[in-house]
Amino acid sequence: ANGKQIDASVSNGSVTILAPELTIVTTSIDYGHIPIRSNYTRSISLKNTGNKTLHISDAQFSASEFSTKYIPIDIEPGATQNITINYAPVNRGAISETVTFISNAINGKQKATLVADPFSVNELHIGKTSGNSDEEATITLTMNNMEPIVGMQCSFTMPEQLVFVEGSFKPSQRAESHLAHATMDGNRLTLFMYSASNA
């Protein structure tokens, strides 16, 4: 209360923190509706928004079908780098997975989302055949399937000149314990093949 004023002055200043920072420009990759058992690539953009060199040491995927050969990598301050991510689906069904980038970034681990809707392709092929009038001709049906099949059904409209031979529809050795049946409804031939034990 009886003291003296002490003169003082203030200096304004700034502090600059030197560190790399990872910004994932592409936060989600969509591979779309694609057949299984093939390889697909998409790119993801990574930017160093810091002021020191960014070193990305690893990319960790939540599913083994994803991979990249472009890590480790260094990204200079302000620069953007595109990383290619390979996807090799083996199972059908929509998926939503993640990739986590491990780096020296000041903001730690960063993630991006990987989505896809892979499907299996099952093709039924009808072989070519020829024959003479009043004689039997055998038609071969083959199936190219990407995953196990426990049953199939198909129908044909028979020309008036053709007659289906009863009991002639039989599975090959490839079909394990499958039963084969054929029905006629007018000129429509329907073929069934299935396994009672889901073989």
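Which residue of β9 does Phe101 stand opposite? In the predicted model examined here, local features require pLDDT of at least 70 and side-chain atom pairs count only at pLDDT 80 or more, whereas totals for chains, interfaces and linings use all residues. Residues are numbered from 1 along each chain as its sequence is written, and side-chain values use heavy atoms, with hydrogens and water left out.

Phe101 stands opposite Gln110 in β9. Strand β8 (residues 95-103) pairs with β9 in the antiparallel sense over 7 bridges; strands are DSSP runs of E with at least two residues, numbered from the N terminus, and two strands pair if DSSP finds at least two bridges between them. The hairpin of β8 and β9 has 6 residues between the strands, and Gly108 takes a positive phi near 75 degrees in this hairpin.

Strand β9 (residues 110-119) also pairs with strand β2 (residues 28-35), here in the parallel sense over 6 bridges. Ile29 stands opposite Leu114 in β9, and His33 stands opposite Asp117 in β9. An open sheet of 5 strands is formed in the order β2-β9-β8-β4-β6, with mixed pairing. Because β2 and β6 (73-75) stand at the edges with a single partner strand each, one side of each is left without a neighbour in the sheet. On average, neighbouring strands of this sheet are turned by 30 degrees against each other, direction ignored; the axes are lines fitted to C-alpha atoms, and angles run from 0 to 180 degrees between N-to-C directions.

Within strand β9 lies Lys111. Lys111 counts as exposed because its relative accessibility is 57%, where exposed means over 50% relative accessible area, buried under 20% and partly exposed in between (1.4 Å probe, protein chains only). With its neighbours within four places in sequence left aside, Lys111 is in contact (heavy atoms within 4.5 Å) with Ile24, Val99 and Thr100. The C-alpha atoms of Lys111 and Arg174 are separated by 45 Å, the two residues being 63 residues apart along the chain.

For the protein, the secondary structure comes to 0 helices and 14 strands. The C-alpha trace spans about 130 × 40 × 30 Å along its principal axes. Buried residues make up 25% of the 199 residues. Of the contacts between residues at least 6 apart in sequence, 60% join residues at least 24 apart.

Conventions
Helix = DSSP H or I, 4+ residues; strand = E, 2+ residues; numbered from the N terminus.
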